[in-house]
Amino acid sequence: MQTILGANGQIGRELAAHLARDFTSDIRLVSRRPRAVHDTDQLRAADLLDPAQTLRAVEGSEIVYMTAGLPMDTRLWVAQWPVLMRNVIDACAAQGARLVYFDNTYMYPQTAQPQTEDIAFRPNGAKGEVRAAAARELLAAIKEGRLQAMICRAPEFYGPGITQSITNSTVIDNLRQGKPARVFLRDDTLRTLIYTPDASRAMALLGNTPDAYGRTWHLPCDDDRLTYRQFVALAAEIFGTDGRYKVLKRWQLRAAGLLSRQVRDAAELLPRYEADNLFVSDRFKQRFPEFRVTTYREGLTAIRRADHLENSGSVPM
């Protein structure tokens with residue numbers, strides 16, 4: 001049994017698809033209100049803030065994937081992430097399940113320094129501090145021999161479906177609708193973005209590779225990085241729009257934060273848009289040289305194709 005915690009999110013649902021295609025049909029999907037991806041999926045409702053429900057959620061699992069997330073609300077993150085992480089670690093340790101933890105880069109320095117798995121944490125706010133503490137707790141549990149686990153870390157997403165990221169919501173979604181894109185702070189810094197199906201496919205592969213446990217892995221990204229200026233131009237070409245965009249300055253984002261908690265809670269991430277973002281996934285690529293990373297052109301084309309199929313009422317094969 002392979003179990004996905006937080007299975008209703010984009011990463012969780014794509015992960016279920018890749019597991020079923022490449023590894024196993026014995027899959028359990030866990031969330032507050034789980035939805036099946038395949039007819040054979042086992043569904044289990046659970047609140048991961050409850051240790052007893054978390055224990056039941058992972059019962060009988062060989063591998064557990066932690067892909068659960070929280071809304072972009074700093075107060076929720078501070079209050080709930082430590083509880084979620086502790087409950088999942090304790091449950092997996094008690095059940096003898098291997099844990100694959102899907103993590104982000106909020107704890108990394110928001111500078112142009114290349115980001116490898118060994119970079120020192122330097123969070124820029126409360127959400128980064130919380131994620132750094134969660135990662136340290138899991139690494140300590142691994143070192144103590146409490147459980148077999150790994151960290152799979154990804155930079156900012158882009159992709160099909162309901163993908164929660166600044167790039168999707170302010171650039172891709174606007175261009176898809178024929179609206180001007182919005183870019184944070186600068187349009188001339190290099191961005192590293194991960195295509196969500198690549199993240200899920202790589203995580204399924206890592207979880208089913210016994211010697212991958214016990215360490216942190218950066219999930220694979222296209223190293224042909226683009227600036228937002230280039231990314232918007234490429235997306236506009238593929239989507240057939242005019243590629244208009246506006247660079248939002250700090251004062252504009254501060255003003256927007258007065259009206260929007262979501263914008264206000266994203267403020268600690270702003271420095272990463274002022275410098276090149278160089279997320280390095282060489283460790284994964286050297287270990288799995290056969291894994292083909294989706295290029296930005298291919299990823300944006302797939303998003304456009306998915307839009308076309310949805311609008312035409314067709315069902316993708």
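**Cysteines, a buried threonine and a helix pair**

Guide: Searching the whole structure turns up zero disulfides. One caution: this is a predicted model, where local features need pLDDT of at least 70, side-chain atom pairs count only at pLDDT 80 or more, and totals for chains, interfaces and linings use all residues. Residues are numbered from 1 along each chain as its sequence is written, and side-chain values use heavy atoms, with hydrogens and water left out.

Visitor: How do you know that Cys 92 is in no disulfide?

Guide: A disulfide is a pair of cysteine sulfur atoms within 2.5 Å. For Cys 92, the nearest cysteine sulfur is that of Cys 152, 13 Å away. Cys 221 is in no disulfide either, with the sulfur of Cys 152 the nearest at 12 Å.

Visitor: Why is Cys 221 called buried?

Guide: Buried means under 20% relative accessible area, exposed over 50%, and partly exposed in between (1.4 Å probe, protein chains only). Cys 221 has 1% relative accessibility, so it counts as buried. Cys 92, at 0%, is buried too.

Visitor: What makes Thr 105 buried?

Guide: Its relative accessibility is 9%, so the buried label applies. Thr 105 sits in the loop between strand S5 (98–103) and helix H4 (126–143); helices (H or I, at least four residues) and strands (E, at least two) are DSSP runs, numbered from the N terminus.

Visitor: Why are H1 and H6 called oblique?

Guide: Their axes cross at roughly 50 degrees. Angles under 35 degrees count as roughly parallel, over 145 as roughly antiparallel, 65 to 115 as roughly perpendicular and the rest as oblique, so H1 and H6 are oblique to each other.

How values were computed. Axes are lines fitted to C-alpha atoms, for helices over the stretch in contact, and angles run from 0 to 180 degrees between N-to-C directions.
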